[in-house]
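Here's a quick briefing to read alongside the structure. Take a look at the picture first, then come back for the tour.

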Number of protein chains: 2
Amino acid sequence: MTETDADSRPRYHHGDLHAALLAAGEAELAEAGIEAFSLRSVARRAGVSHAAPAHHFGDVQGLLSALAAEGFRLFLAAQMARQKQAADDPRSQMLAAGLGYVDFALARPALFRLMFSSDRPVFETDPLCSTSEAAFRHLEGGVAALGSKDPLDIAAIWATAHGIADLLASGRLKPLMALGPQARDAAVAEILRRVLPAPSP
Amino acid sequence: MTETDADSRPRYHHGDLHAALLAAGEAELAEAGIEAFSLRSVARRAGVSHAAPAHHFGDVQGLLSALAAEGFRLFLAAQMARQKQAADDPRSQMLAAGLGYVDFALARPALFRLMFSSDRPVFETDPLCSTSEAAFRHLEGGVAALGSKDPLDIAAIWATAHGIADLLASGRLKPLMALGPQARDAAVAEILRRVLPAPSP
DNA sequence: CGAGGTTCTTGTCAGTGTCAAGATAAAAAT
DNA sequence: ATTTTTATCTTGACACTGACAAGAACCTCG
């Protein structure tokens, strides 16, 4: 009963169940959502018994925490990807980060919900703690580059980007969704522009 | 169908199990959250058997839909309460509505999550459909009073208020929470002011 | 070859949502 | 007033879930 990979010899029963469970967990999350998320279903997806995940992630909270951590990495990557393509000035970079924020929520709505609207991931444990803080510090840095350390400016930009992302990801804001991707990007950028701190003197 | 208006005499085994289950459901939601929400636990709270709720709400989605509908009523009431105490001009009214939006999220975070971050309520059924649409039309009306029908203006105000509410309700935005209620209100109002459409010419 | 430890399976338990069937009480019909 | 009907609630069952315990399969290292 070999589940062998083509190129490398199988080292354990499964090879790398840890990674396989993460992938299966993401698929389960995307297809079933958080509320129907089932550890046993994840195990079935990975082709192992229902108790196999326990040794790698402890319990379901452990797996969800790991998935959320992976989510925050992708979340940051989505912002970086947009920023790489944007102009180099702080304002353009901030707007690009916001667009990446929205990109991520639309591309992975269930993961987004797990990260921002669920009690189940345990944020006090690594790697969730470090990755989520890294995402927050990235935002802080972007605002600092705009010349502000005012918590109000941070809150304004974060909340606006987050509100757009959350409402879009959950299917509200249909008027905005009806637009094509480019027009939607323009609208999101226009909204974000309004909350940016006033340009430097 | 009677919607329980001042009914004095006890009519059935329990009197008014429909209302009792709604109250028990809200308590369960507040104490356990959506993700640990249990229909059997709600039945226990109300002192009835585990299958009693089925006849009144069908299944767990039915009860959650009813709770979400009640939530949207309270949600609108929270905005109205703020607006009643605010000046009568459209801008003050809009800011007050936003403050009410945040009030509600902070007062009933689990209900807020059920309404905006859950797949389980069925929005296509009444009374959820009508109450949630009423809340949306209230927002539209407020923006219209500002002299705009641009979907972008609606989206901007909604998303910003929603983002602040969601992040506050889920314990992020600690800097804003650290402020007292009045200072927090002032900060929220300041952020909302930024996204309002330009004052009419 | 064999001891030790990790990885995974099997089996079990309490708990959940939903369905079916029966019991109970109110309401309606005669 | 008595019977029938209907709505309300209970009991019991089933499949499913997350967690735990004990054992089997496997790799590593002596």
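At what angle do helix α1 of chain B and helix α4 of chain B pack? The angle is about 85°, and the two axes are 10 Å apart. Keep in mind as you read that this is a predicted model.

**Two helices in chain B**

- Helix α1(B) covers residues 17-32, and helix α4(B) covers residues 60-84.
- With angles of 65 to 115 degrees counting as roughly perpendicular, α1(B) and α4(B) therefore sit roughly perpendicular to each other.
- On the α1(B) side, the residues that meet α4(B) are Leu21(B), Leu22(B), Gly25(B), Glu26(B) and Leu29(B).
- Their partners in α4(B) are Leu63(B), Ala66(B), Leu67(B) and Glu70(B).
- Sorted by class, this contact of α1(B) with α4(B) is made of six nonpolar residues, one polar residue and two charged ones.

**A closer look at Ala19(B)**

- Ala19(B) and Leu63(B) are 44 residues apart along the chain, and 11 Å separates their C-alpha atoms.

- The domain assignment divides chain A into domain 1, residues 1-58, and domain 2, residues 59-195.
- Going by C-alpha atoms, the centres of domain 1 and domain 2 of chain A are 28 Å apart.
- The two domains do touch: 13 residues of domain 1 of chain A are in contact with 12 residues of domain 2 of chain A.
- On the domain 1 side of that contact, α1 (17-32) and α3 (52-57) of chain A are the elements giving two or more residues.
- The top contributor on that side is α1(A), with six residues.
- By class, the domain 1 side comes out as nine nonpolar, three polar and one charged.

**Where the chains meet**

- How many residues of chain A are in contact with chain B? There are 29, and they are in contact with 29 residues of chain B.
- On the chain A side, α6 (109-116), α8 (151-169), α9 (174-178) and α10 (181-195) each supply at least two residues.
- The most comes from α8(A), which gives 12 residues to the side of chain A that touches chain B.
- That side of chain A divides into 15 nonpolar, seven polar and seven charged residues.

Technical notes
Residues are numbered from 1 along each chain as its sequence is written. Chains are lettered from A and ligands numbered from 1 in the order in which they are written. This is a predicted model: local features need pLDDT of at least 70, side-chain atom pairs count only at pLDDT 80 or more; totals for chains, interfaces and linings use all residues. Axes are lines fitted to C-alpha atoms, for helices over the stretch in contact, and angles run from 0 to 180 degrees between N-to-C directions. Helices (H or I, at least four residues) and strands (E, at least two) are DSSP runs, numbered from the N terminus. Angles under 35 degrees count as roughly parallel, over 145 as roughly antiparallel, 65 to 115 as roughly perpendicular and the rest as oblique. Two residues are in contact if their C-beta atoms, placed from the backbone, lie within 7 Å. Ala, Val, Leu, Ile, Met, Phe, Trp, Tyr, Cys and Pro count as nonpolar, Asp, Glu, Lys and Arg as charged, and the others, Gly among them, as polar. Domain bounds come from an automatic or database domain assignment.
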